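I opened the model today and kept notes in the order in which I looked things up.

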Amino acid sequence: MAQDPLVAHSLAEVCLYLMATPCPACAQGPLTGPDRVEPAGGSGDGEDGAGGEDAPDRVGAGDDGAGEYTVSAVAGRGSGPLTVQLNATCGTCKRTWSLRFRLPLGTGVDPAGGLAAVNSTAEPSRIIDVAGWVMLFRLIIDRAGREPDKAASRQLGLEAAQCLDEALKFYDADNDLPPITSFFSDDARRRLTEHPRDFSRQRLIQMRARLPTLGAMRARALADATARAAASPPPRRSAWWKRLLGGGG
Ligand SMILES: [Zn+2]
């Protein structure tokens with residue numbers, strides 16, 4: 001599937017894109033990937049990895065063993081522009097899709113705290129539309145509510161809040177519904193027609209107001225990560241995108 005790379009604001013946005021995107025063949029999915037983005041456990045200071053690598057590198061996708069990615073091309077360092085190529089497998093029809101992402105702003109992971117930001121700019125996403133962000137918010141906030149581990153639940157809450165913030169970036173201040181150009185597919189436009197209330201800006205703002213600020217949530221997630229690091233040794237194999245940061249395992 002030769003194509004121009006998709007442009008993303010961060011590795012977290014790439015992960016969320018896979019969660020939000022139906023399989024191109026069967027329209028089901030999900031495309032296999034980590035079901036959450038965790039803070040990087042440290043980007044490492046190795047000098048390798050700067051020039052990219054050609055050999056496919058099979059890496060684990062996350063704590064829950066939800067699947068694997070093949071990361072076959074990595075160019076650039078953590079903080080600089082980055083190109084990522086990966087294979088995503090459909091959970092329904094089992095086809096594998098090769099996807100390439102360009103990250104002009106780098107990974108979005110704060111090297112000091114290790115927290116992953118979805119999009120630190122005011123620019124709306126180019127790869128996930130407003131309907132995708134609203135769906136992701138609901139999915140992830142629901143997971144946060146069911147997650148028994150408090151720190152993990154807070155991490156999901158931080159991710160959900162960022163999804164809601166991404167949805168809100170598509171709106172004009174003087175209109176309660178988003179512009180039609182902020183829906184990228186017929187399916188998404190149909191969702192607007194059938195459930196306009198789901199896309200009420202005022203309603204999304206009310207939901208956002210019930211959550212803490214990103215600053216407060218980040219501070220808490222950082223404290224959780226510090227406590228976790230002190231309590232246990234880091235896992236031997238980390239999520240694929242963390243390995244991108246370290247240039248190896
Ligand atoms: Zn499929």
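I began with the pairing of leucine 86, which stands opposite leucine 99 in β5. This belongs to the pairing of strand β4 (residues 82–89) with β5, where the two run antiparallel and are joined by eight bridges. I noted that two strands pair if DSSP finds at least two bridges between them, and that helices (H or I, at least four residues) and strands (E, at least two) are DSSP runs numbered from the N terminus.

Before going further I wrote down that this is a predicted model, in which local features need pLDDT of at least 70 and side-chain atom pairs count only at pLDDT 80 or more, while totals for chains, interfaces and linings use all residues. Residues are numbered from 1 along each chain as its sequence is written.

On the other partner of β5 (residues 96–103), I found strand β1 (residues 6–7), which runs parallel to β5 and is joined to it by two bridges. Here leucine 6 stands opposite phenylalanine 101.

Next I followed the hairpin of β4 and β5, which has six residues between the strands, and in it lysine 94 takes a positive phi near 70 degrees. I marked that value because lysine 94 is a residue other than glycine, and I recorded that lysine 94 is exposed, with 11 other C-beta atoms within 10 Å. The cut-offs I used are these: a residue is buried if 20 or more other C-beta atoms lie within 10 Å of its own, exposed if 12 or fewer, and partly exposed in between, with C-beta atoms placed from the backbone.

I then turned to helix α1 (residues 11–20), and found that ten of its ten residues are buried, including Glu13, Tyr17 and Leu18. The axes of α1 and helix α2 (residues 130–146) come within 10 Å and cross at roughly 90 degrees, which makes α1 roughly perpendicular to α2. Leu16, Met19 and Ala20 of α1 and Gly132, Met135 and Leu136 of α2 make the contact, and these residues divide into five nonpolar, one polar and no charged. For my own reference, axes are lines fitted to C-alpha atoms, for helices over the stretch in contact, and angles run from 0 to 180 degrees between N-to-C directions. Angles under 35 degrees count as roughly parallel, over 145 as roughly antiparallel, 65 to 115 as roughly perpendicular and the rest as oblique. Two residues are in contact if their C-beta atoms, placed from the backbone, lie within 7 Å. Ala, Val, Leu, Ile, Met, Phe, Trp, Tyr, Cys and Pro count as nonpolar, Asp, Glu, Lys and Arg as charged, and the others, Gly among them, as polar.

In the loop between α1 and β2 (57–60) I looked up proline 24, whose C-alpha atom is separated by 9.0 Å from that of cysteine 90, 66 residues apart along the chain. Alanine 27 lies in the loop between α1 and β2 too, and has a positive phi of about 65 degrees although it is not a glycine. The peptide bond from glycine 29 to proline 30 is cis, with omega near 0 degrees.

Last, I checked pLDDT, the predictor's confidence in each residue, from 0 to 100. The protein chain averages 78, and 73% of the residues score at least 70. Confidence is lowest in strand β3 (residues 68–75), at a mean of 32, and highest in helix α5 (residues 201–209), at 97. Over residues 34–77 the pLDDT is below 50. Where pLDDT is low, the predicted coordinates should not be read in detail.
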